[in-house]
2 protein chains.
Amino acid sequence: MLKIAFQGERGAYSETASKKMFNENILISPSFSFEEVFTKVKNNLVDYGVIPIENSLYGSVFESYDLLLQYSLTIVGELNLQINHHLLANKNYELKEIKKVYSHPQALGQCSIFLKSLKNAEIIPAYDTAGSALLLLNNKEMPVAAIASREAADIYKLKILKSNIQNNQENFTRFLAVSRKKIKKEFKNPKTSICFELKSMPGALFRALSVFALRDIDLMKIESRPIPHKPFEYNFYLDMKGSLSDDKIKKALNHLAEISLSIKEFGTYEVGKTYKS
Amino acid sequence: MLKIAFQGERGAYSETASKKMFNENILISPSFSFEEVFTKVKNNLVDYGVIPIENSLYGSVFESYDLLLQYSLTIVGELNLQINHHLLANKNYELKEIKKVYSHPQALGQCSIFLKSLKNAEIIPAYDTAGSALLLLNNKEMPVAAIASREAADIYKLKILKSNIQNNQENFTRFLAVSRKKIKKEFKNPKTSICFELKSMPGALFRALSVFALRDIDLMKIESRPIPHKPFEYNFYLDMKGSLSDDKIKKALNHLAEISLSIKEFGTYEVGKTYKS
């Protein structure tokens, strides 16, 4: 059975993403931090790690970008998960009785309109969404609720008092699966991710992008991250359509190497499907 | 006297940046959040707001980027502040007596090597660096310390037990000053910031950068931020050398408009000087 590490408690959105990506029948390894996920994969304690890389409202997850570069892991899969928040409580309580609502501050913010309608409830920030659901198990005699995933409701046997309570329905998180091993296979709709540090010259980034534009390679995302010992210089991360085995991508990367100090290939994988959480 | 808003308690690094930017003789308006800073400037409660936009180790401050676009303020100044963390305590304690150290989690992480040498001290995360210095005033009879700025030591009359305790000395934060009013003046070393949303087409970003490269306009920074109701589409932020009054920049922006859905000009300002905190 495949063993998958993710950051967060049981019932985290990353667990939902892991199951959609690898199927329900996996051994899961909840982890305290993103770095713990990478370490488990690197040291062969799990087969894959699943990490959030970007949210459609909040943007890139910096820590994931930095860890991709620090650890030499390969990206082997992608998935977009629509984030649907639900109000969970122990089974003996109704919505109008709720006196306290716990969740991660970002989730509380994403549900601010609904929360304003709960006039008698105190809103309390917690460490994470699944962790706030877990909290309810220790408060069975209290009219308290948590904002978390449907998965968390199932795992902790909680009731969904109200579903889809987020302000903006278009809230998607993009997850990546990372592995120690490179996987050789054919892709229907391949996507390739790289990172590079450019030589210092005028128009450096324009030259780098021209390497792809001149070969009709479509870029899907660009991200820049600071280089720790070079203040205000950047590594660039690119996602592009196509595979590392495509002739034109090989040539583009050779061309990019002429103007780069370093290039790292994270791998080719299938463009992610979108699921509801 | 100029009135300046910044996020944080008295003694925050943003206060140091405000004083370096506008001189010591200002009225300061400490604010709870970045959004409060923007609101105060917009509603004429202060003359300028000073916000961090980027750190050389941690990268861009997303919230500042998003607020620049939401509020129609003008960038009128820039400054780089070297972040030097110091261990502060009440005057009657010595380093070896310290039992607890408070600070913002990021500051605690930046001083992890020094903190490991304090074998008997408990490390406790706090809301912000200056706030943790303020905490010491309520604990005068306790051997506790805080990691914060030299400015905080001066303001709260605390002793610096140990200075420059950060792991990485190359830790710079770039701050911007924002104003309601556009300022017309001559610059020695001008920098211009804009934001744009591109029309959807192949090689769109390459075309956007070519608008500047073809006119020998040097780009200094590119940042992308998600567009809230268009999942996985991005606004691009560019900093470039030169002034909005330069003929070639005017022409480049006209050219950029041909391939953009919208362009926002944040203004021209002098490239920031670097100071120690």
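Predicted model: local features only at pLDDT ≥ 70, side-chain atom pairs only at ≥ 80, totals over all residues.
Residues are numbered from 1 along each chain as its sequence is written, while chains are lettered from A and ligands numbered from 1 in the order in which they are written.

Let's start with the interface. 25 residues of chain A are in contact (C-beta atoms, placed from the backbone, within 7 Å) with 25 residues of chain B. Three elements of chain A give two or more residues each to that side: helix H8, strand E13 and strand E14. Helices (H or I, at least four residues) and strands (E, at least two) are DSSP runs, numbered from the N terminus.

| Element of chain A | Residues |
|---|---|
| helix H8 | 204-213 |
| strand E13 | 219-227 |
| strand E14 | 230-241 |

E13(A) gives the most, with six residues. As for symmetry, a rotation of 180° with 0.0 Å of shift along its axis puts chain A on chain B at RMSD 0.0 Å (least squares on the C-alpha atoms of residues with pLDDT of at least 70 in both). That is the relation of a two-fold axis.

Now the sheet. In chain B, five strands form an open sheet in the order E8-E7-E9-E6-E10, with mixed pairing; two strands pair if DSSP finds at least two bridges between them. Strands E8 (122-125) and E10 (159-162) of chain B stand at the edges with a single partner strand each, so one side of each has no neighbour in the sheet. Further in, E6 (residues 86-89) and E9 (residues 144-148) of chain B run antiparallel, joined by four bridges. B:His86 stands opposite B:Ala148 in E9(B).

How values were computed:
Contact = placed C-beta atoms within 7 Å.
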